[in-house]
Amino acid sequence: MEKKLQINEKGCSIRCRFFCSDSEKTARTFSDVVIVTHGFGSSKDTAGTTSFAEHLLGKYKHWAVLAFDWPAHGEDARKKLTVEDCLDDLGIVTDYARTELKAERLYNYSTSFGAYLVLRYIIERGNPFRKIALRSAGINMYESMSNHIDAVGRRDLEKGKEILVGFDRKMKIDRHFLDSLKAFDVRKHEYFDYADDILILHGTKDEWIPIELPWKFAEDNVIEFVPVEGANHPFQNPQHMALAIHKIIEFFKD
């Protein structure tokens with residue numbers, strides 16, 4: 001079963017997709033909840049999120065999946081993107097899973113920009129997750145974002161102006177957003193305390209984030225790393241996505 005819900009906290013409405021098995025649709029509590037976050041310019045409404053939820057709940061009926069839109073993405077009403085709002089929203093969704101869904105254990109599956117935010121969140125605000133799976137992780141988020149802003153956009157940012165970025169939906173960012181990304185480089189932090197509970201998957205043909213970067217990050221922190229031969233950044237090939245989902249579900253249940 002899938003339904004849409006809104007979490008209304010701190011003056012904003014976080015748009016979510018909630019998945020559970022039909023046999024659990026009347027249940028008020030779920031022992032295990034996976035929070036899914038998407039990448040920059042994407043949304044909660046991806047085929048990959050749907051496929052992950054279907055495969056997970058097809059095997060484990062008492063689990064649930066909660067995916068949400070980052071600020072200024074998808075159905076979110078905000079027009080400006082800030083790192084602070086993203087971290088706040090992740091905290092709100094996590095609290096909702098604990099208090100409203102009564103989750104005994106929380107897991108996280110995040111992609112790209114979402115992976116960067118989760119790695120930042122556990123350093124700055126603590127780790128609420130039993131296990132974390134990261135796909136196409138935005139290890140070099142500042143450089144990746146900066147490299148895709150043209151000369152006119154960079155000039156406007158330096159002048160203190162906001163610019164529009166994104167794909168299907170455009171959102172506003174300012175210099176503060178990029179400065180915040182630059183100030184927190186995940187490669188400059190240690191994740192040894194969380195290493196056993198993190199899995200990183202990355203495509204060998206990732207055109208946004210070269211595989212060498214997350215591979216070195218994983219080696220430096222003794223994190224399990226799975227290279228997916230031929231996969232690009234969004235894992236568009238269904239076989240690559242199916243492999244990633246299989247590995248993640250195995251990791252969560254191990």
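Modeller: One term first: a residue is buried under 20% relative accessible area, exposed over 50%, and partly exposed in between (1.4 Å probe, protein chains only). By that scale Lys10 is exposed, at 69%. The model is predicted, so local features need pLDDT of at least 70 and side-chain atom pairs pLDDT 80 or more, while totals for chains, interfaces and linings use all residues. Residues are numbered from 1 along each chain as its sequence is written, and side-chain values use heavy atoms, with hydrogens and water left out.

With a relative accessibility of 12%, His233 counts as buried. The side chain of His233 makes a polar contact of 2.7 Å with that of Asp206 (a pair of N or O atoms within 3.5 Å; within protein, one able to donate a hydrogen and the other to accept it, with residues adjacent in sequence counting only if both atoms are side-chain atoms). Setting aside neighbours within four places in sequence, His233 is in contact (heavy atoms within 4.5 Å) with Ser112, Arg135, Ser136, Asp206, Glu207, Trp208 and Ile209.

Two of those contacts lead us further. Take Ser136 to begin with, which lies in the loop between β6 (131-135) and α4 (141-146). Ser136 is buried, with a relative accessible area of 0%. The backbone of Ser136 has a positive phi of about 50°, although Ser136 is not a glycine. Most residues other than glycine have a negative phi. Lys10 also has a positive phi, of about 55°, and is not a glycine either; Lys10 sits in the loop between β1 (2-9) and β2 (12-20).

The other contact to follow is Trp208, which ring pairs link into a cluster with Phe40, Phe68, Trp70, Phe113, Phe167 and Phe177. Rings of Phe, Tyr and Trp (its six-membered ring) pair if their centres lie within 6.5 Å; planes under 30 degrees apart are stacked, over 60 edge-to-face, and the rest tilted. That rule gives 17 aromatic pairs. One of them joins Phe40 and Phe167 edge-to-face, at 6.3 Å centre to centre with 75° between the planes. Phe40 belongs to the loop between β3 (32-37) and α1 (47-59), and Phe167 to the loop between β7 (163-166) and β8 (170-173), so this pair ties together parts 127 residues apart in sequence. Phe40 is buried, at 15% relative accessible area, whereas Phe167 is partly exposed, at 45%. Another pair, Phe52 with Tyr109, has ring centres 4.9 Å apart and planes at 55°, so it is tilted. Here too distant parts of the chain are linked: Phe52 is in helix α1 and Tyr109 in strand β5 (residues 105-111), 57 residues apart. Phe52 and Tyr109 are both buried.

Finally, back to His233. Together with Gly39, Ser42, Thr111 and Pro234, His233 lies nearest the centre of the largest pocket, which 30 residues line (on a 1 Å grid over the protein atoms alone, a pocket is an open set of points where a 1.4 Å probe fits, with protein on both sides within 12 Å along at least five of seven lines; lining residues have an atom within 4 Å of a point). At least two lining residues come from each of β3, α1, β5, α4 and α8.

Notes
Helices (H or I, at least four residues) and strands (E, at least two) are DSSP runs, numbered from the N terminus.
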